Amino acid sequence: MPISFRSLSYIYNKDMPYAHKALDDINLDIKEGIITAIIGETGSGKSTLVEHLNALLLPDEGSLQILDYNIVAGQKQRFLKPLRKDVGLVFQFSEYQLFEETVIKDVAFGPLNFGYSIDEAKRRAAEALKLVNISEDLFEASPLELSGGQKRRVAIAGIIACDPKIIVLDEPTAGLDPHGAKEMIALFVSLNKEMNKTIIIVSHDNEMVYNYCEETVVLSHGKIKYHGPTFDLFCDRQKLAEYDLLEPQIVTFRNALIENGFKLSKQARTLDVIAKEIAEQVKR
Amino acid sequence: MNNMVFGKYIPVDSLMHRLDPRAKLIGLFLMIAAVFVPKSWWVFLFIAILITIALLCAKIGIKMIVQSFKPMIMMMIFLLVINTLTIRTGEVMFMIGTYAIYRDAIFNTLFVIVRLLLMISITTLLTATTNPLDLTLGIEWLLKPLEIIHFPTHEVAMMVSIALRFIPTIIEETIRIMNAQKSRGVDFENGRLSQKIAAILSLIVPLFSVAFERAYELADAMEARGYVPGAKRSRYHILKFRFTDYLFILICMAALAVSIASRFYL
């Protein structure tokens, strides 16, 4: 297990009259090599959970194991840099973190901090920029002149260039147009499939979660309500009602087909497979 | 950064929170005067008891008030040192080596320190129980008489309230950008000077660009809703003195009266 939370709790404003327990006794194991989604209403503790993965917040109670790093409540941390190199964190509205004069310099900033030589950092930066579809003639432009979507892709390249083993993305598609969002998701899928990165996505977009994330974690009021296969969650109407989640369109369609007498296997999750199975039944 | 206590608003509901901000401002001035007039320890004790009662009514822990004293410790030590060096009247209390420490020096310092502590408690009480926006409304009202000499009270109040409104936003933004840069391997605490400068730069540049963006957005949003500087505006939130507000001011006036009287009778 590359990431495991053990009875971890985190409290905001601990000594104040308005202290707030953001994470409450979290036990969670996130699997290696797959895309996991974290969903839950605003204020459910998603972002707090994510910030623990980079030791930006340290647990008040319990412990957390990430790859070979062990974080225990109340202990001083010594391996912040190697941990942050191995776990790349892309924040919500990451486009606001750009600051260098040129795009390439900004993307090379992370690798330089993690000890790569200037040439190596630039090479990694160029590679990462190509991966996120930023054309070469923009490398020397100022990041502040780019469009919103381009800025976000540059920010993500800044994390990819550090070559992390785990990539965590907080609302990566928020505020993007549908086309841009689709491209972004395709990028994560290819990072997962081709470069074997473990990917964790915090999202509000149930359609995206259903279509691309193998497992899903549902958080509510700082507690884990569900962790398991995404398909099992979204096909269970009782669970959807309980966690107040919207049914993805494909699931609605699938359920309507089943109610009308079609037999669909558990593999029929995507439109393509559903179409194939129906086609066979219609032929007969 | 989030641990600053002095001047922080504590959003709970209490008797003190519900008082009119103008009443609390007037009360603040009366009580500060009441702290600075007397020369008797008994009056300080009396005021301290009043403040404790107010704290209980405000549902603010004593712990928080004690925390707000922390930044003052250095100043108190400084005061004590200066006073023991300069005040050389009264009887000798004790000797440090061959240097005499005088009774007046110690007592004068204690007096000043107690005054400061009381004053900080009163101010913390005001800022902890009053929403910053209400506070600016109160200040605007208090500045009203200056309009006779064409002082732009409303504009000043608007600027102050925008500034106050954006402090938490900017702090939040700062933490967010710092976290993002930490994730890219920036170390804000350790490192050589050149590394530290690079670290600060990676924070300041995005912060400025965000702040400007916010400012433009806010200006557009205000204009879109018909804001014209200097125009007469009606108010959604109308301040109203109630019985408890008058009672509160009366208690503060009484405290001031007691401390003035103490100068003549104690």
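Ile38(A) stands opposite Val202(A), a residue of strand 8 of chain A. The model is a predicted one. Strand 8 covers residues 198-202 of chain A, and strand 3 of chain A pairs with it in the parallel sense. Four bridges join the two strands. Strand 3 of chain A also pairs with strand 9 (residues 215-220) of chain A. That pairing is parallel too, and it runs over four bridges. Here Thr36(A) has Glu215(A) of strand 9 as its bridge partner.

Strand 3 of chain A spans residues 35-39 and is mostly covered. Five of its five residues are buried. Both faces of the strand are covered. Ile35(A), Ala37(A) and Ile39(A) are buried on one side. Thr36(A) and Ile38(A) are buried on the other.

Leaving aside residues up to four places away in sequence, Ile201(A) touches Ile35(A) and Ala37(A), among others. Ile201(A) belongs to the largest nonpolar core, which has 73 residues. Within that core, Ile201(A) is one of the residues with the most contacts, together with Val107(A), Ala157(A) and Val168(A). A second core is separate and has 25 residues. Met16(B), Leu118(B), Phe248(B) and Leu256(B) are among them. In soluble globular proteins, nonpolar side chains tend to be buried together.

Chain A also holds an open sheet of four strands. The strand order is 2-1-4-5, and the pairing is antiparallel. Strand 2 (20-30) and strand 5 (69-72) of chain A stand at the edges. Each has a single partner strand, so one side of each is left without a neighbour in the sheet. From one strand to the next, the twist averages 20°. Strand 1 (residues 3-12) and strand 4 (residues 61-66) of chain A pair in the antiparallel sense over five bridges. In this pairing, Arg6(A) has Ser63(A) of strand 4 as its bridge partner.

Asp119(A) and Ala108(A) are eleven residues apart in sequence. Their C-alpha atoms are 9.4 Å apart in space.

On the level of domains, chain A is assigned domain 1 (1-78 + 168-177 + 187-243), domain 2 (93-164) and domain 3 (248-284). The C-alpha centres of domain 1 and domain 2 of chain A are separated by 26 Å. Chain B is divided into domain 1 (1-130 + 239-266) and domain 2 (153-229). For these two domains of chain B, the C-alpha centres lie 34 Å apart.

The two chains are in contact. Chain B contributes 21 residues and chain A contributes 23 residues. On the side of chain B that touches chain A, helix 8 (153-183) and helix 9 (193-224) of chain B are the elements that give two or more residues. Helix 8 of chain B gives the most, with seven residues. By residue class, this side of chain B divides into ten nonpolar, seven polar and four charged residues.

Note on methods. Residues are numbered from 1 along each chain as its sequence is written. Chains are lettered from A and ligands numbered from 1 in the order in which they are written. This is a predicted model: local features need pLDDT of at least 70, side-chain atom pairs count only at pLDDT 80 or more; totals for chains, interfaces and linings use all residues. Domain bounds come from an automatic or database domain assignment. Two residues are in contact if their C-beta atoms, placed from the backbone, lie within 7 Å. Ala, Val, Leu, Ile, Met, Phe, Trp, Tyr, Cys and Pro count as nonpolar, Asp, Glu, Lys and Arg as charged, and the others, Gly among them, as polar. A nonpolar core is a set of buried Ala, Val, Leu, Ile, Met, Phe, Trp, Tyr and Cys residues joined through C-beta atoms within 7 Å. A residue is buried if 20 or more other C-beta atoms lie within 10 Å of its own, exposed if 12 or fewer, and partly exposed in between; C-beta atoms are placed from the backbone. Two strands pair if DSSP finds at least two bridges between them. Axes are lines fitted to C-alpha atoms, for helices over the stretch in contact, and angles run from 0 to 180 degrees between N-to-C directions.
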